[in-house]
Amino acid sequence: MNWAELQARAKRNEPLSKHTTARIGGPADLLIEARSREELVAIVQRADELGLPCIVIGGGANILVSDRGVRGLVVLNRSREVTFDVRHTTARVEADSGVLLTALARDCIERGLAGMEWAINVPGTVGGAVVGNAGAYGADVASNLYLVRVLRRDGVIEYWTPRQLQLGYRTSALKRYAPTDRAVVLSASFDLKLEYRANIERRANEFIARRKATQPPGATIGSMFKNPPGDYAGRLIEACGLKGRRIGGAMISDKHANFFVNVTGDARASDVKALIDLAHQAVLDRFGIDLELEVELIGDWPAERERLRDGA
Ligand SMILES: Cc1cc2nc3c(=O)[nH]c(=O)nc-3n(C[C@H](O)[C@H](O)[C@H](O)COP(=O)(O)OP(=O)(O)OC[C@H]3O[C@@H](n4cnc5c(N)ncnc54)[C@H](O)[C@@H]3O)c2cc1C
């Protein structure tokens, strides 16, 4: 598919609230859906050649998009191919970066392959998971990642090892770059082990039950802050009496204080940002702990720019 055909598919002023799990976010100037790895490469390469600011999003499960939206191009990654290479007792799976983590986990379980079951109910895509080294229940992307195929922003495609990716707690070498400059994850390969399917299923079901018991349903962005060493962001925010605190259409969940929920369905990003600032300041004042955001602020955040410019 050539650029003209891809461009013809572009949506103008597309509300990103339609593409984020919190159902929040202003418009992207342009949005194009990439339906394969090849399309993803073609779109990003062309945008970079044209000097058009370009970011890739997956499930929108870890971003807070400003009410003013995103200038330039947003690529919605829907590349969805998965290939399995099964040997005697081991296997390797390569998944396109637009594959949903939940679908990948389920696919692995159905084949009796252990290693991805932690992702059974983690929203978002493989690409977003690599960028943030997503994880749950004691495992994460780093646990069994073999190799990642990336598109550098100078147009070169290459393979990165986990070592090159410098995966850490909800971070990676990729996450340190602004989304417009960041290499694009094209696919990721994971090493898996053959195991009795019933055993893997049992673990996955436990994970599902645990999440249901502890996390709120509805439109959220997942954990807002990273847990500080030796503690939990949710416990600290709760201890500040902020569970259930509401600003506009957004609320700090009364079930888990590190989850901020779009309770009315039409919450604004500025409502969530006001709650972030409130929780951050309260924890700083009470415990002297400077919580770090896990969620990424995306798009046009003028107040943030002014704050940084003023050195506050
Ligand atoms: C209810 C809920 C529960 C959650 N539970 C967990 C949990 O248990 N553990 C956990 O780790 N996370 C959790 N999260 C957060 C989220 O699921 C993960 O961070 C997930 O990996 C995000 O993937 P995504 O595709 O949605 O990324 P997005 O939100 O779309 O993007 C996140 C960042 O990655 C970039 N990006 C996305 N795709 C690519 C790509 N292909 N190449 C380069 N950059 C890319 C984006 O530009 C953006 O900067 C939860 C979220 C929700 C809503």
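Helix H9, residues 269–287, lies across S15, S16 and strand S17 (259–262). H9 runs at about 25 degrees to S16. Axes here are lines fitted to C-alpha atoms, for helices over the stretch in contact, and angles run from 0 to 180 degrees between N-to-C directions. Contact between two residues means that their C-beta atoms, placed from the backbone, lie within 7 Å. Helices (H or I, at least four residues) and strands (E, at least two) are DSSP runs, numbered from the N terminus.

Two remarks on the source. This is a predicted model, where local features need pLDDT of at least 70 and side-chain atom pairs count only at pLDDT 80 or more, while totals for chains, interfaces and linings use all residues. Residues are numbered from 1 along each chain as its sequence is written.

Now the sheet. It is open, with 4 strands in the order S14-S17-S16-S15, and the pairing is antiparallel. S14 and strand S15 (246–247) are the edge strands, each pairing on one side only. Two strands pair if DSSP finds at least two bridges between them. S15 and strand S16 (residues 250–252) are joined by 2 bridges, and Ile247 stands opposite Ala250 in S16.

Next, the ligand. The shell around the ligand holds 32 residues, and Gly58, Gly124, Gly127, Gly128 and Gly222 come nearest. A residue counts as near if its C-beta atom, placed from the backbone, lies within 6 Å of the molecule. Which element gives the most to this shell? H4 does, with 5 residues. Among the elements that each supply at least two residues are strand S3 (54–57), helix H4 (126–132) and strand S14 (220–223). By class, the shell has 15 nonpolar, 15 polar and 2 charged residues; Ala, Val, Leu, Ile, Met, Phe, Trp, Tyr, Cys and Pro count as nonpolar, Asp, Glu, Lys and Arg as charged, and the others, Gly among them, as polar.

On to the domains. The assignment, which is automatic or from a database, gives domain 1 (3–77), domain 2 (82–213) and domain 3 (216–304). Domain 1 and domain 3 each put 18 residues into their contact. On the domain 1 side, S4 gives the most, with 3 residues.

Last, the whole chain. It comes to 10 helices and 18 strands. The radius of gyration, taken over C-alpha atoms, is 20 Å, close to the 20 Å that the globule rule gives for 312 residues, so the chain is as compact as a globular protein of that length. That rule is 2.2 Å times the number of residues to the power 0.38.
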